[in-house]
Amino acid sequence: MSRLKDLRKYVNKQLKKMEDEDDRISAVNHLYGVSLAATILAKRRGLDPELAAMAAMLHDLYAYKSGSYDDHAHKGAELARKILTDLELTDEAETDLICSAIYHHDDKYSVDGPMDELLKDADVIHHTLNDTSKAIKEKEQARYNSILNELGAGEVWTD
């Protein structure tokens, strides 16, 4: 089995522990949606698609497990490091790359490393395209417009 499949199996087990079915469905949709977007962006940007997908699968797991988004990116990076170490899925450099992306993913205004930026962008893609009836968050608007331009997706959308 691939590392990504092994990680998804682990994440699925964790998400099944969520008591509220609607929250669980939303969590599955988000993690898999961001993972798909991360894979596409990684292929486009010449980054490792498997590591990008793995970072995406873990990026909000702390929030789903704890029920809190307070400092979830930083705490999520710690959780991801523990999971990746315990499951022995990545080497130290890969773990550092994934954890850095998770650590920085909530700061949509700053510019960090290439994998960090990829995870931020994949997160924005899912936030903005999963439910187009919702207004785009101010902190995500510029990044969203840049992604559309990068992908040649036509006119820049605004709400």
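At what angle do helix H6 and helix H7 pack, and how far apart are their axes? I began there. The model is predicted.

**Entry: H6 and H7**

I looked up helix H6 (residues 92-104) and helix H7 (residues 114-129). They pack at an angle of about 50°, with axes 8 Å apart. H6 passes H7 in a right-handed crossing. I then listed the residues in contact. H6 contributes Leu97, Ser100, Ala101, Ile102 and His104. From H7 come Met115, Asp116, Leu119 and Lys120. I sorted the residues of this contact by type: 5 are nonpolar, 2 polar and 2 charged.

**Entry: alanine 42**

Next I went to helix H2 (residues 21-45), where alanine 42 lies. Is alanine 42 buried or exposed? I found it buried, because its relative accessibility is 0%. I left aside neighbours within four places in sequence and checked its contacts. Alanine 42 touches Leu47, Asp48, Pro49, Ala52 and Leu118. I also took a C-alpha distance. Alanine 42 and alanine 53 are 11 residues apart along the chain, and their C-alpha atoms are separated by 8.7 Å.

**Entry: aromatic rings**

Last, I searched for aromatic pairs. The count is 1. Tyrosine 64 and tyrosine 69 form the pair, with 6.5 Å centre to centre and 90° between the planes. I logged the geometry as edge-to-face. Tyrosine 69 is partly exposed, at 47% relative accessible area.

Terms used
Residues numbered from 1 in each chain as written. Predicted model: local features only at pLDDT ≥ 70, side-chain atom pairs only at ≥ 80, totals over all residues. Heavy atoms only, no water. Phe/Tyr/Trp six-rings, centres within 6.5 Å; stacked < 30°, edge-to-face > 60°. Buried < 20%, exposed > 50% of the residue type's maximum accessible area, 1.4 Å probe, protein only. Helix = DSSP H or I, 4+ residues; strand = E, 2+ residues; numbered from the N terminus. Contact = heavy atoms within 4.5 Å. Axes fitted to C-alpha atoms, helices over the stretch in contact; angles between N-to-C directions. Left-handed = near helix turned anticlockwise from the far one by under 90°. Nonpolar A, V, L, I, M, F, W, Y, C, P; charged D, E, K, R; others polar.
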